[in-house]
Amino acid sequence: MKRFTIPMLVVLTVLTACKKNSVNPDKDGSDNLTKIAPDGFNFATTQNINLSLALKAPNGDALRGVVVSIYSPANTAEGAAIYKGVTDNNGNLVAQVTAPAGIKQIVIDPAYVGLMRYAKANINGTSVTAVIGGSALFSGDIVAEPIADQSGSSSGQTVLAAGGIAFAYPSPYTSTTDAVLNITEQPLSYGVPKYLLPANDVISASLLTFVNASLPEKPLATTHPEYLSSSAVSTLKVTAKSDVWVTFVADGAANLNTLAYYTYKTGTPPASEADITNATIVFPNSSAYGSGGGLKPGNKVKLGTFEAGTSIGFILIGNAWTGKGINTGNAKYYSDAKLNPETKAELKKHSVVLYDDVNKLTLIGFEDVNRETGSDNDFNDLVFYATSNPITGISKDNIPVIDKGGDTDGDGVLDAFDDYPNDASRAYNYYYPFKDGFTNVAFEDNWPSKGDYDMNDLVVKYRLSMQLNAKNEVVFMAVDVNALAVGASFKNGFGIKFAIPASDVKSVTGQKLISNYIKLGANGVEEGQTDLVVIPFDNTDAVLKNFDDSYFVNTKAEKNKVTPSTSTVSVTFANPVPVAYALYINPFLIRNGQRGYEVHLPNSTPSKKADLNLLGTADDKGKKDGTKYYYLSKENWPWAISFNDSFTYPAEQVKITDAYLHFAEWAGSNGTLFTDWYYNTGAGYRALPGLYLK
């Protein structure tokens with residue numbers, strides 16, 4: 001609500017209209033508003049998606065305790081997850097995900113070796129149903145990743161110039177078109193070799209548990225530095241005449257890598273690439289089906305029969321599959337570390353070899369990017385294992401034993417993925433709207449009368465930082481709040497109502513209360529509330545004010561910008577609460593110290609402290625009996641809008657429709673048109689002089 005300087009001669013004649021504590025204060029010239037939106041539109045810039053997800057091992061076993069992140073397709077960077085949850089004992093995750101309005105897909109990332117990473121899923125209406133894993137690798141609304149077109153590269157076997165390596169397919173195959181399947185189910189572009197064995201190995205949930213405990217999506221030097229020890233071998237040593245097979249487990253890379261092998265007499269490793277004379281292709285494209293390739297966990301290739309005293313090394317050719325052949329000129333990484341390109345000795349290793357004494361196999365994990373130039377060092381970009389007949393044909397000397405799935409606190413979440421591995425009451429951190437972002441709420445404060453609709457009387461951003469257990473229940477929550485702008489003379493407060501029983505709250509601390517009209521109970525919840533209601537501040541002066549105590553903070557370009565202080569409210573729960581209760585977030589403005597005047601988002605429920613007699617008065621279209629809570633004007637204009645993203649609010653006295661040129665079309669279309677009205681910076685979307693850009 002705005003305050004204006006009034007000439008002294010007319011003060012007496014307008015005094016009544018300028019009182020801000022009346023039921024019908026002045027309307028700041030907005031009497032002639034037209035109907036902005038159809039009835040029922042709630043001005044939401046987000047959509048709620050009902051997610052039903054199942055995670056399975058390739059053999060169908062349920063994968064429990066997997067931490068799943070959900071992203072908007074526009075931002076899958078670390079810290080941008082819009083939802084996090086853990087699968088239950090049946091491998092299922094059922095949740096409601098709040099996503100940007102207008103998007104047609106979400107991205108599901110289990111971050112679990114052996115499962116499709118960053119899987120895109122179509123939104124059907126308001127739901128996503130998906131299975132990741134199982135014999136089909138994915139199903140439901142999941143969309144397979146198309147194979148990148150890298151045409152122009154080699155279309156078959158390539159022999160490099162002098163000093164390079166001549167790669168060959170296993171006999172009798174002589175070229176890519178000869179060696180690679182080209183049928184409807186496995187087109188040539190997938191790069192699946194014809195020489196796969198007809199029967200796949202069984203990849204169980206327990207094996208994937210071992211793999212993920214050993215090679216999680218974290219730097220290996222942090223999780224298992226012993227695997228990178230100079231004494232740990234990275235090649236296979238055949239100690240008795242043996243048949244040797246290689247079985248694909250997973251790929252954790254965006255690159256379409258090629259895998260080959262070479263052999264030499266044990267004790268005489270190649271001193272240079274030129275010493276490798278028998279490089280043979282194993283997987284032309286070592287990417288999984290749905291992730292840019294066609295391999296499935298358990299696919300198996302026989303390397304051959306080898307005499308005792310033979311060492312087997314592997315070569316990963318980075319992003320070499322072109323969709324038509326192998327570009328053997330790309331960067332190569334070897335089991336024999338000294339052949340790798342890094343200059344620092346401690347970074348030259350690109351593969352690790354582990355022995356699984358339960359499943360009697362030798363696991364190999366590769367890193368597919370130069371470790372001095374941007375590698376994530378997790379060594380799970382390609383994971384496969386070797387077996388032999390006799391079973392003892394491959395030496396286990398100096399091979400570390402695989403991690404068999406440490407879960408120190410016994411909560412069902414592997415230590416590698418558990419943010420609190422020694423505390424069974426907590427498993428992971430979850431941030432709403434996401435770790436590196438805030439929800440922004442813009443208010444008009446003149447409710448139940450109209451304002452000037454510059455939507456800057458109070459602009460607040462907030463973020464929830466939650467600690468959850470393995471049952472997806474919240475045990476602790478911190479609410480970080482910043483007041484970004486105060487385009488009003490009112491000293492407004494800010495509150496958030498959650499769908500959490502107040503009786504489940506042990507303590508609430510950190511509120512900034514300076515005006516003495518908010519009364520707290522013994523546990524810090526506002527008195528008289530049956531649900532958890534937190535009041536981060538009761539007066540904007542506690543968090544944001546001009547240096548000269550004048551009005552209009554951070555809404556006028558001619559004034560110095562003020563840096564807001566953060567109000568952090570900490571909530572500790574007496575009993576864990578379902579995360580869905582915490583995510584029912586109902587922010588509201590308290591008008592000028594008048595506790596009964598709550599300004600909410602459209603169609604939101606007021607708290608127990610709201611004066612329901614104000615509903616349906618002045619310009620509010622609600623019901624005076626308290627049965628309808630519209631928080632919309634009779635012309636369907638809102639008093640608050642929320643954004644799960646940043647929002648550049650209008651400058652002082654610039655109506656939102658004059659600053660955002662497609663706002664009216666968005667609202668008038670019931671939210672179907674111009675869903676990007678507030679974040680699209682292209683021509684025709686914004687009138688820049690009307691925005692506060694300081």
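Buried here means under 20% relative accessible area, exposed over 50%, and partly exposed in between, with a 1.4 Å probe and protein chains only. The model is predicted: local features need pLDDT of at least 70, side-chain atom pairs count only at pLDDT 80 or more, and totals for chains, interfaces and linings use all residues. Residues are numbered from 1 along each chain as its sequence is written, and side-chain values use heavy atoms, with hydrogens and water left out.

**View 1. Helix α3 and its surroundings.**
Helix α3 spans residues 205-214, and eight of its 10 residues are buried. These are Ala205, Leu207, Leu208, Phe210, Val211, Asn212, Ala213 and Ser214. The buried residues of α3 pack against α4 (220-223) and the strands β12 (242-251), β18 (351-356), β19 and β20. Helices (H or I, at least four residues) and strands (E, at least two) are DSSP runs, numbered from the N terminus. Contact means heavy atoms within 4.5 Å.

**View 2. The largest cavity.**
The structure holds two cavities of 30 Å³ or more, and the largest has a volume of about 80 Å³. A cavity is a set of points, on a 1 Å grid over the protein atoms alone, where a 1.4 Å probe fits but cannot get out; lining residues have an atom within 4 Å of a point. Grid points are joined across faces, edges and corners, and a volume is the space filled by probe spheres set on the points. The lining of the largest cavity consists of Tyr355, Lys360, Leu361, Thr362, Ala386, Thr387, Ser388, Ile391, Thr392, Ile394 and Lys396. Strands β19 (361-366) and β20 (382-389) each supply at least two of the lining residues, and the largest share, three residues, comes from β20. By type, the lining has five nonpolar, four polar and two charged residues. Ala, Val, Leu, Ile, Met, Phe, Trp, Tyr, Cys and Pro count as nonpolar, Asp, Glu, Lys and Arg as charged, and the others, Gly among them, as polar.

Lys360 is not a glycine, yet has a positive phi of about 55 degrees. Lys360 is found in the loop between β18 and β19 and is partly exposed, with a relative accessible area of 40%. Ala618, also not a glycine, has a positive phi of about 50 degrees. Its loop runs between β30 (598-600) and β31 (640-643), and Ala618 is partly exposed at 29% relative accessibility.

**View 3. Nonpolar cores.**
A nonpolar core is a set of buried Ala, Val, Leu, Ile, Met, Phe, Trp, Tyr and Cys residues joined through side-chain atoms within 4.5 Å. The largest has 138 residues, and those with the most contacts inside it are Ile106, Ile108, Met466, Met477, Phe498, Leu532 and Phe663. Apart from this core lies another, of 50 residues, among them Phe248, Phe314, Leu339 and Ile364. Not counting residues up to four places away in sequence, Ile106 touches Ile49, Leu51, Ile70, Tyr71, Pro73, Ala119, Lys120, Ala121, Ile123 and Val128.

**View 4. Two cis peptide bonds.**
Tyr432 and Pro433 are joined by a cis peptide bond with omega of about 5 degrees. Pro433 lies in the loop between β21 (428-432) and β22 (439-443). The peptide bond from Trp447 to Pro448 is also cis, with omega near 10 degrees, and Pro448 is in the loop between β22 and β23 (458-468).

Conventions:
1 Å grid on protein atoms, 1.4 Å probe; cavity = no way out; pocket = protein on both sides within 12 Å on 5 of 7 lines; lining within 4 Å.
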